[in-house]
Amino acid sequence: MHLLSPQWLVSTFGVLGILVIVFAESGLLIGFFLPGDSLLFTAGLLVADGRYLNLPLPLLCALIAVAAVAGDQVGYLFGRRLGPRLFRRPDSRLFRREHLQRAEAFFERHGARSVVLARFVPIVRTFTPIVAGAAHMPYRTFVTFNVVGGVLWGSGVTILGYFLGQIAFVKNNIELILVGIVAVSVAPIAVQALRSRRRRQQTSTPAR
C-alpha cells in the first residue's frame, strides 16, 4: 500500500509519474489497481500546498487530460484487435474476467455514454475502452466521448483537490485527508472483491 500511496508517488516521481499512472489506469489491463482518483485529488492538493508540484494548475490539468485520453485510445485499439480473445482468456493473477464482464455490463447499460461515466468508476474505467473496442463502437463516436470524459475526470478531480487544498483545515491536516482519500478510493474495489468472493462461495456450496 505504501508503494501505491498517492503522496509517495507524487513526491517520488512528480508530474511524469502522475501521467504514466493515469495513462496505464485508463487503458492498460495491468492498470486497474492503480490509485487514479486519489492520485488526481492529491495532485490538486499538493499544487495548492506548493509541495512537490510547482507548476500552474491549468497546465497540470491539460497534461492529465491528454494522458487519460491517450490511455483510453490504446485501450480501445487493444480491445478492437484482441477483444474476442480476452473474453475467452482464463483468469490469471493480473487478469480477472469478472472485471471485463462488469465493464461489458456497464457498457451495455449506458451505451456510448459509458466512456464518460466509466471515468468515475474504479476498475470499470480501465476495462470500458477495451469493451468499446471489442464491441466495434464507431471510432469517431468513441473519440468524442473519450475526450469529454478525459477532460471532465482529469481536470475535475484535480481542480476539486486544488480548491479543497486551500481550505485551512485541509491544509493543516493534509496527511489525514490523504489517508481518507485512499480509503474512499479503495472501498469500491474492496466491496467488489467481497461480493465476488461471496458469489464464488455460494456457487461452490453444494445444494442440500
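Predicted model: local features only at pLDDT ≥ 70, side-chain atom pairs only at ≥ 80, totals over all residues.
**Stop 1: H2 against H7**

Select helix H2, residues 36-49, together with helix H7, residues 139-164. Their axes come within 7 Å and cross at roughly 45°. An angle between 35 and 65 degrees falls in the oblique class, and H2 and H7 are therefore oblique to each other. The crossing of H2 past H7 is right-handed.

Now show the side chains of the contact. On H2, pick Gly-36, Asp-37, Leu-40, Phe-41, Gly-44, Leu-45, Val-47 and Ala-48. On H7, the partners are Trp-153, Gly-154, Val-157, Thr-158, Leu-160, Gly-161, Tyr-162 and Leu-164. Coloured by class, the contact of H2 with H7 shows 10 nonpolar, 5 polar and 1 charged residue.

**Stop 2: H1 against H6**

Move to helix H1, residues 6-27, and helix H6, residues 124-134. Here the axes come within 5 Å, and the crossing angle is roughly 55°. H1 and H6 are therefore also oblique to each other.

To see the contact, select Glu-25, Ser-26 and Gly-27 in H1, then Arg-125, Thr-126, Pro-129 and Ile-130 in H6. The classes in the contact of H1 with H6 are 2 nonpolar, 3 polar and 2 charged.

**Stop 3: the aromatic pairs**

Begin with Tyr-76 and Phe-142, whose ring centres are 4.4 Å apart. Their planes stand at 25°, under the 30 degrees used for stacking, so the pair is stacked.

Where do Tyr-76 and Phe-142 lie? Tyr-76 is in helix H3, residues 57-88, and Phe-142 is in helix H7, so the pair ties together parts that are 66 residues apart in sequence. Both Tyr-76 and Phe-142 are buried.

**Stop 4: Tyr-162 and Phe-163**

Finish with Tyr-162 and Phe-163, an aromatic pair with 5.3 Å from centre to centre. The planes of Tyr-162 and Phe-163 are 85° apart, and the pair is edge-to-face.

Is Phe-163 buried or exposed? Its relative accessibility is 52%, so Phe-163 counts as exposed; the cut-off for that class is over 50%.

Methods. Residues numbered from 1 in each chain as written. Heavy atoms only, no water. Axes fitted to C-alpha atoms, helices over the stretch in contact; angles between N-to-C directions. Helix = DSSP H or I, 4+ residues; strand = E, 2+ residues; numbered from the N terminus. Parallel < 35°, antiparallel > 145°, perpendicular 65-115°, else oblique. Left-handed = near helix turned anticlockwise from the far one by under 90°. Contact = heavy atoms within 4.5 Å. Nonpolar A, V, L, I, M, F, W, Y, C, P; charged D, E, K, R; others polar. Phe/Tyr/Trp six-rings, centres within 6.5 Å; stacked < 30°, edge-to-face > 60°. Buried < 20%, exposed > 50% of the residue type's maximum accessible area, 1.4 Å probe, protein only.
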